[in-house]
Amino acid sequence: MPHDEVVLIDAFSQIFRAFYAIRHLSNSRKEPVNALLVFTRLLLGIERNYPGKRGAMLFDCGKVKHRLDLLPEYKANRPPMPELLAQQIPFIREMSSAFGWQMLSCEGYEADDLIGVLANTLDGDIKIISSDKDLSQLINDRVHMLTPANGNSGGFEERDAESVKNKFGVTPDLIIDYLAILGDSSDNIDGVKGIGAKGAAELLNACGASANWIDDLAKVPAKFASKLEASSDVLRRNIKLVSLRTELPEEWSDPEKLVVRNAPDWSEITRLCKHYGLNSILKDLPEVPEAEPVASVSSIAQEENNFSSDEDDLFSFMQTPQTAAEEKDVPASDCGGEETLVQGELF
């Protein structure tokens with residue numbers, strides 16, 4: 001019997017996207033709810049378009065040691081999470097649980113790594129909800145990405161291998177080398193100087209993966225050889241930084257149990273929407289018995305932007321200290337050490 005497809009959500013990328021989609025929205029108790037509102041619409045969109053019994057939300061667990069060993073400045077440029085968003089993390093966790101999602105993290109792994117672990121371990125088709133270009137390295141006939149469509153409709157655009165080639169100029173099997181050449185300013189990673197996106201695609205399409213030529217630059221066109229030689233150590237380091245860690249964590253002995261997706265508790269979802277004043281969502285929910293009175297939503301400076309998620313990695317954010325994570329009820333139960341919440345930049 002074929003397995004149901006698995007839906008994997010890159011949690012913080014979508015939480016930050018939600019936060020910046022609509023700004024300055026609060027309810028009658030003056031609680032910020034802009035991220036909660038948009039994220040709830042995302043969950044509704046997933047339930048409407050990709051219902052099923054397998055899926056999970058994956059969260060970062062701080063800056064992982066193996067990447068910091070390679071580059072101590074890795075993600076050091078990311079500012080703290082905005083306080084108005086930090087206040088909403090417990091609300092988002094509460095709503096996600098009501099929709100039936102398990103929320104997973106693991107020390108030593110970033111969310112992208114855990115998505116890679118599950119994509120490589122589980123049977124069946126995989127749908128990854130993210131705009132993070134790093135995850136394009138996982139795409140194949142079985143694994144696709146779902147990038148939230150422009151606006152706040154809850155719709156998705158599916159990215160397969162052909163879409164990756166159209167967007168980046170290279171196939172998914174060359175994405176690691178492509179990103180290693182370019183570097184990533186949002187992660188504080190320098191690239192190979194003098195080679196941009198067009199040049200990287202040209203090089204890789206002509207000469208293949210870096211494993212074919214990195215030890216013998218005579219195999220690449222002269223216009224690239226000198227630049228690659230000058231940045232040889234950077235390229236080798238970046239390949240390791242960009243490559244996802246996909247070995248199964250020891251504590252994840254039965255990954256199928258981790259992706260059990262429960263049916264939404266519509267009564268609880270309705271109660272939460274009324275409690276937090278998400279009135280516009282109520283009309284899209286199944287009818288349930290009356291819960292508590294509605295708390296109206298007010299706009300501090302009503303500013304519903306037609307947010308565009310056309311760029312990759314619009315929100316590649318992370319958290320770093322468990323003490324802070326616990327104080328803000330951030331899903332980092334498997335994370336060790338002290339953490340503070342930080343975000344990436346918009347780019």
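**A close look at the rings and their surroundings**

Mentor: Phe12 and Phe16 are both buried, a word that here stands for under 20% relative accessible area, with exposed meaning over 50% and partly exposed lying in between, using a 1.4 Å probe and protein chains only. Before going further, please keep in mind that this is a predicted model, in which local features need pLDDT of at least 70 and side-chain atom pairs count only at pLDDT 80 or more, while totals for chains, interfaces and linings use all residues. Residues are numbered from 1 along each chain as its sequence is written, and side-chain values use heavy atoms, with hydrogens and water left out.

The structure holds 7 aromatic pairs, where rings of Phe, Tyr and Trp (its six-membered ring) pair if their centres lie within 6.5 Å, and planes under 30 degrees apart count as stacked, over 60 as edge-to-face and the rest as tilted. One of them is the tilted pair of Phe12 and Phe16, with 6.3 Å centre to centre and 50° between the planes. Both residues belong to helix 1 (residues 11-21), 4 residues apart, which is about one turn of the helix; helices (H or I, at least four residues) and strands (E, at least two) are DSSP runs, numbered from the N terminus. Another pair, Phe19 with Tyr20, is edge-to-face, at 5.0 Å centre to centre and with 80° between the planes. Phe19 counts as buried because its relative accessibility is 4%, and Tyr20 is buried at 15%. Ring pairs also join Phe12 and Phe16 with Phe59 in a cluster.

From the rings we can turn to the backbone. Most residues other than glycine have a negative phi. His24, although not a glycine, has a positive phi of about 60°; this residue lies in strand 2 (residues 22-27) and is partly exposed, with a relative accessible area of 33%. Lys75 also has a positive phi of about 60° without being a glycine, but this residue sits in the loop between helix 3 (65-70) and helix 4 (83-86) and is buried, at 3% relative accessible area.

Finally, consider how two helices meet. The axes of helix 8 (residues 175-182) and helix 11 (residues 232-242) come within 8 Å and cross at roughly 125°, and helix 8 is therefore oblique to helix 11. Axes are lines fitted to C-alpha atoms, for helices over the stretch in contact, with angles from 0 to 180 degrees between N-to-C directions; under 35 degrees counts as roughly parallel, over 145 as roughly antiparallel, 65 to 115 as roughly perpendicular, and the rest as oblique. Contact, meaning heavy atoms within 4.5 Å, is made by Ile176, Asp177, Leu179, Ala180 and Ile181 of helix 8 and by Leu235, Asn238, Ile239 and Val242 of helix 11. These residues divide into 7 nonpolar, 1 polar and 1 charged, where Ala, Val, Leu, Ile, Met, Phe, Trp, Tyr, Cys and Pro count as nonpolar, Asp, Glu, Lys and Arg as charged, and the others, Gly among them, as polar. Asn238, which has its place in helix 11, is buried, with a relative accessible area of 0%. Leaving aside neighbours within four places in sequence, Asn238 is in contact with Ala180, Gly183, Ile189, Asp190 and Gly191.
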